Amino acid sequence: MAYSFPEEVLEYVFSFINSDKDRNAVSLVCKSWYEIERWCRRRIFIGNCYAVSPGIMIRRFPEIRSVEIKGKPHFADFNLVPEGWGGYVYPWVIAMSRAYPWLEEIRLKRMVVSDECLELISKSFKNFKVLVMSSCEGFSTDGLASVAANCRNLKELDLRESEVEDLSGHWLSHFPDTCTSLVSLNIACLGSEVSFSALERLVSRCPNLRMLQLNRAVPLEKLPNLLRGAPQLAELGTGAYSAELRPELLSSLLDAFTGCKKLKGLSGFWDVVPAYLPAIYPVCHGLTSLNLSYATIQSPDISKLISQCQNLQRLWVLDYIEDGGLDILATTCKNLEELRVFPSDPYGVEQNVSLTEQGLVSVSEGCPKLQSVLYFCRRMSNASLVTIAQNRPNLIRFRLCIIEARATDYLTLEPLDAGFGAIVENCRELRRLSLSGLLTDRVFEYIGKHAKKLEMLSIAFAGDGDLGLHHVLSGCESLRKLEIRDSPFGDKALLANAAKLETMRSLWMSSCSVSYGACKLLGQRLPRLNVEVIDERGTPESRPESCHIEKLYIYRTVAGRRFDTPDFIWTVDEEGNAPLRIA
Amino acid sequence: MEVVSILGEMKGKMKYDETELRLGIGLPGNSNKAVKNNSMHVSSGATNVNGKRGFVETTNVDLKLNLVSSKVESDELVDQVADSKEIKNLLGGAGSTDSVVKPPAKAQVVGWPPVRSSYRKNISSLNKAANKKGDEENEKVMSSPMGATFVKVSLDGAPYLRKVDLKMYKSYQELSDALGNMFNSFTIGNCGSQGMMDFMNESKLMDLLNNSDYVPTYEDKDGDWMLVGDVPWEMFVGSCKRLRIMKGAEAIGLAPRAMEKCKNRT
């Protein structure tokens with residue numbers, strides 16, 4: 001007699017399982033679990049919009065309420081992916097508008113979104129609540145106006161660093177007076193002024209507003225009133241933080257900030273005038289997150305601020321903080337988990353600030369909970385990296401950018417292999433690593449040997465040859481995303497580890513030594529991979545197969561090849577051809 | 001050709017290793033230090049390192065300019081070859097009257113260092129604003145709209161466009177360097193000491209158009225196509241809507257306007 005457990009009970013149990021991994025595991029247990037799970041999955045994450053099609057998603061999961069989709073490869077952030085590459089969300093929105101009338105949330109990253117798309121979203125989903133567009137592009141403030149006007153229950157509108165065609169600030173006035181549902185509004189990336197009175201009214205009538213990130217055009221004088229209308233704010237991004245020195249403005253600000261008892265996160269601070277910083281002192285003690293990456297203030301002012309933020313968990317700051325400021329951070333912020341230090345002058349030839357590897361060493365010593373690091377500096381040594389690694393074996397993300405490509409250990413003039421080797425050897429939980437400086441194949445040997453939990457690796461101007469890539473592909477068991485530029489890796493390593501590519505989300509290689517012939521072989525052997533050759537010089541078929549291609553993007557997919565590629569991208573098909581397109 | 005032969009001499013002196021790495025962009029690497037296995041070699045479409053014959057032949061966009069002053073020549077070459085101090089010494093006399101004291105900007109590699117374009121855009125305008133402030137803390141800093149000054153750049157013959165953010169650069173020379181890197185060994189030549197294209201001289205202008213393969217042009221707010229370098233940099237940034245690097249022959253048609261302006265100025 002077959003033992004059976006009522007479906008409803010299983011469904012109930014599954015409703016407590018939210019992680020994608022767990023859900024996927026559940027669906028593999030048996031057919032009936034697969035069926036039950038697919039009907040009750042509400043949230044889906046698609047890491048590569050071309051890995052699966054909207055149709056496949058909809059067929060399998062008919063009751064989705066929340067979708068998160070990512071498009072372009074990460075290196076698109078640095079202009080390495082040409083315009084027109086793809087990542088269009090429109091086909092997804094069209095399909096979902098028919099299949100998911102109850103869709104509530106759309107989160108997009110590095111995708112191309114049009115105004116038509118936004119209008120379609122605003123009109124198709126009656127209960128639409130959350131729209132997050134991170135590093136997206138292709139839309140204008142007109143699209144935002146549709147969203148504001150039509151989404152009755154909008155809770156979150158977050159434009160995180162998207163490139164928006166800023167036609168006017170008038171779009172914000174399209175929020176109807178009846179809209180009181182906003183919980184989160186991030187318009188920091190917009191250039192033009194939004195209608196301030198509309199903003200003020202919107203903010204004060206939304207009692208649940210938790211996060212508000214203004215754009216630079218909102219002047220400091222307007223901030224006190226805004227804050228008084230939303231004392232419940234947990235996260236605030238200021239506009240321009242400067243004004244003529246006026247005591248009454250300072251005290252008004254001080255007053256307003258004192259009233260924000262729940263403030264945990266601060267950002268913005270464009271054009272910051274140090275004299276106005278004391279206004280935020282009342283909230284410093286409660287802050288867990290501080291983003292000063294646009295604050296062009298000097299180390300003494302930064303230090304004064306930080307010395308009051310004893311509970312800080314996350315700090316993003318410019319290198320104006322200098323080693324001195326990082327020392328203070330190390331002494332004060334014992335709960336620090338994440339540190340990002342950005343370059344104030346990334347293209348300058350000479351060092352403009354006194355920030356060196358010492359700052360990072362101090363923080364690694366002083367902050368026992370530090371797990372996530374992004375650090376731009378101009379010099380590094382193996383010894384410091386070893387120290388950091390030994391201090392912080394709990395690191396999960398370590399991204400170091402030594403600004404000069406192929407910089408050696410400044411003390412010994414050697415490559416930085418040993419330093420990064422120490423990082424991967426000591427930090428057993430490391431999931432993300434970005435390398436820089438002069439590196440030989442040695443470092444990849446260490447990575448392949450030790451970095452067993454590594455999921456994402458970024459390589460630039462490194463390595464000696466195929467062996468380096470081979471170490472990584474054969475050794476890093478958890479690798480999902482690999483992105484490489486300007487490194488002499490080529491065919492042998494790729495072909496020897498072809499099967500590995502199906503276990504990864506994607507591989508990006510640009511300005512490396514991969515030949516077209518190897519791409520063809522990969523495309524032939526592995527039908528579940530899309531092998532896309534990006535080359536500006538016309539079809540790769542017109543050159544010898546041994547010719548190196550410019551850029552390569554390989555990703556696994558169950559959706560087959562895509563058909564929205566522009567002229568300069570060729571997908572190698574199963575016959576190993578990259579067909580000439582019909583003009 | 002003068003340019004190529006000087007480059008050839010320098011290559012010999014610098015003893016760059018031949019390498020497999022394809023794009024012959026001078027990198028901001030440590031050429032002062034020990035020779036590395038993978039140092040990029042400087043290419044102006046000359047040596048073919050790895051069988052890329054197709055590329056060199058079909059899309060060589062070397063701009064064959066008659067560079068007029070040797071001072072400017074040395075600056076150009078210095079920019080192309082990046083790490084400059086040694087090179088300036090090598091060139092000795094040619095660069096001795098150089099009034100520019102600071103080291104020239106390193107040739108920018110696309111996407112390095114890896115900062116997001118939105119971030120770069122913000123930071124550069126913030127730094128400019130901060131510099132303007134000087135000692136006056138209470139001066140209200142101009143917050144110019146952060147609307148993108150991204151313009152599309154097309155190169156005749158290249159299948160895809162690029163985008164550049166004009167606010168990232170302070171002069172035509174910087175823009176030219178950036179474009180050079182994007183389109184690979186392409187230079188807009190001959191910037192005078194004010195950083196403006198030397199269009200003031202009619203004969204120099206004709207030389208430029210007659211001798212060069214490619215000429216940068218732009219579409220301004222009124223929809224007119226103009227030669228890049230006509231106007232002061234700031235004005236250019238404010239009025240440029242898109243850039244097109246066209247073949248010199250086609251640009252001849254634009255010359256009369258530039259000529260008019262030359263005449264009007266003298």
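**Exercise 1. Find what share of the contacts in chain A, counted at a separation of 6 or more, comes from residues 24 or more positions apart.**

Solution. Take the contacts in chain A with a separation of 6 or more; 70% of them join residues 24 or more positions apart. Keep in mind as you work that this is a predicted model.

**Exercise 2. Work out how the radius of gyration of chain A compares with the globule rule.**

Solution. Start with the inventory: chain A holds 20 helices and 23 strands. For the extents, the C-alpha trace spans about 75 × 65 × 60 Å along its principal axes.

**Exercise 3. Describe the burial, surface and charges of chain A.**

Solution. First, burial: 60% of the 583 residues count as buried, where buried means under 20% relative accessible area.

**Exercise 4. Which residues of helix α12 of chain A are buried, and what covers them?**

Solution. Go through residues 299-306: the buried ones are Ser299(A), Ile302(A), Ser303(A), Leu305(A) and Ile306(A). Because these residues cover an arc of only 160 degrees around the axis, they sit on the same side of α12(A). Now look at the cover over the buried residues of α12(A), which includes the helices α11 (281-284) and α13 (322-332) and the strands β12 (289-292) and β13 (314-318) of chain A.

How values were computed:
Residues numbered from 1 in each chain as written. Chains lettered and ligands numbered in written order. Predicted model: local features only at pLDDT ≥ 70, side-chain atom pairs only at ≥ 80, totals over all residues. Heavy atoms only, no water. Helix = DSSP H or I, 4+ residues; strand = E, 2+ residues; numbered from the N terminus. Rg over C-alpha atoms; globule rule 2.2 N^0.38 Å. Buried < 20%, exposed > 50% of the residue type's maximum accessible area, 1.4 Å probe, protein only. Contact = heavy atoms within 4.5 Å. Areas by Shrake-Rupley, 256 points an atom, 1.4 Å probe, with all protein chains shown as cover. Lys, Arg positive; Asp, Glu negative; His and termini not counted. Charge placed at Lys NZ, Arg CZ, Asp CG, Glu CD. Arc of directions from axis to C-beta.
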